[in-house]
Amino acid sequence: MIRLFDFVFSLVGLVIGFPVLLALTVIGLFDTGSPIFRQVRVGRHQQPFTLVKFRTMRVDTASVATHLASSASITRFGHFLRKTKLDELPQLWNVLKGDMSLVGPRPGLFNQEELTAERATRGVFDVRPGITGLAQVSEIDMSTPALLAETDQKMIRSLTLVDYFKYIFMTVAGKGAGDRVVKR
């Protein structure tokens with residue numbers, strides 16, 4: 001049932017949001033020269049997939065977890081995208097393809113070994129990663145791997161259709177700060 005909602009909502013979001021996606025892509029071209037950010041992430045059953053987002057950091061920024069990146073790497077337009085969560089819109093493509101769900105544990109990087117190990121012991125990789133979830137609306141990010149994996153496990157075990165819509169609504173309404181970037 002949730003996969004059906006994921007498919008329908010991502011398809012509708014991509015079609016209706018196409019003008020916004022196009023405008024943000026053009027602005028991003030002027031901002032960084034490369035508006036789309038692609039990164040291999042850990043997916044369901046620990047299989048790799050390529051996540052797509054709008055680029056919020058300079059092109060030469062190291063590929064590390066957000067909490068390890070410098071805030072100086074974020075562009076002015078990138079700050080706007082992060083604050084409004086518009087940087088996440090291209091992930092609707094990942095949801096449509098079936099790599100992700102709208103609601104699930106945020107996909108980590110393969111070099112986040114502690115997080116991957118914590119999630120593996122808790123069965124978090126049994127589900128598709130998501131754009132948002134309990135950890136995100138609770139402002140828990142990847143800088144606390146054990147707490148994040150524990151929260152992901154709690155969400156997976158108790159996720160209902162009501163929760164699915166609640167987490168989406170909370171995210172759209174601005175709840176949660178996303179991954180924190182260290183001020184440097």
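User: What span is expected for helix 7, and how far does helix 7 reach?

Analyst: Helix 7 runs over residues 145-158, which makes 14 residues. Helices are DSSP runs of H or I with at least four residues, strands are runs of E with at least two, and both are numbered from the N terminus. This is a predicted model in which local features need pLDDT of at least 70 and side-chain atom pairs pLDDT 80 or more, while totals for chains, interfaces and linings use all residues. Residues are numbered from 1 along each chain as its sequence is written, and side-chain values use heavy atoms, without hydrogens and water.

User: Which residues of helix 7 are called buried, and what do they pack against?

Analyst: Pro145, Leu148, Ala149, Thr151, Asp152, Gln153 and Met155 are the buried residues of helix 7 (buried is under 20% relative accessible area, exposed over 50%, partly exposed in between, with a 1.4 Å probe and protein chains only). They pack against strand 3 (101-103), helix 5 (113-121), helix 6 (134-137) and helix 8 (161-172). Contact here means heavy atoms within 4.5 Å.

User: Thr116 sits in helix 5. Is Thr116 buried or exposed, and how do you know?

Analyst: The relative accessible area of Thr116 is 15%, so this residue is buried. Beyond its neighbours within four places in sequence, Thr116 is in contact with Val42, Gln46, Leu109 and Phe125.

User: Which class does Leu161 in helix 8 fall into?

Analyst: Leu161 has a relative accessible area of 36% and is therefore partly exposed. Setting aside neighbours within four places in sequence, Leu161 is in contact with Met1, Ile2 and Phe5. Arg119 is 23 Å from Leu161, C-alpha to C-alpha, and 42 residues from it in sequence.

User: Why is the pair Lys53 and Glu88 called a salt bridge?

Analyst: The pair has an N to O distance of 3.5 Å, and the rule asks for a side-chain nitrogen of Lys or Arg within 4 Å of a carboxyl oxygen of Asp or Glu. The pair therefore qualifies. It links distant parts of the chain: Lys53 is in strand 2 (residues 48-54) and Glu88 in the loop between helix 3 (76-84) and helix 4 (91-97), 35 residues apart. Lys53 and Glu88 are both buried.

User: What other partner does Glu88 have, and how many salt bridges does the rule give?

Analyst: Arg106 forms a salt bridge with Glu88 at 3.6 Å, N to O. Arg106 lies in the loop between strand 3 and helix 5, 18 residues from Glu88, and is buried. The rule gives seven salt bridges.

User: How exposed are the partners in the salt bridge of Lys97 and Asp99?

Analyst: Lys97 and Asp99 meet at 3.3 Å, N to O. Lys97 is partly exposed at 47%, and Asp99 is partly exposed at 21%. Elsewhere, shared partners join Lys53, Asp87, Glu88 and Arg106 into one network.

User: What makes helix 1 and helix 2 count as oblique?

Analyst: Helix 1 (residues 2-16) and helix 2 (residues 18-32) pack at about 60 degrees with axes 4 Å apart. Axes are lines fitted to C-alpha atoms over the stretch in contact, with angles from 0 to 180 degrees between N-to-C directions. Under 35 degrees is roughly parallel, over 145 roughly antiparallel, 65 to 115 roughly perpendicular and the rest oblique. The pair is therefore oblique. Gly13, Leu14, Val15 and Ile16 meet Phe18, Pro19 and Leu21.

Terms used: The expected span of a helix is 1.5 Å times one less than its number of residues.
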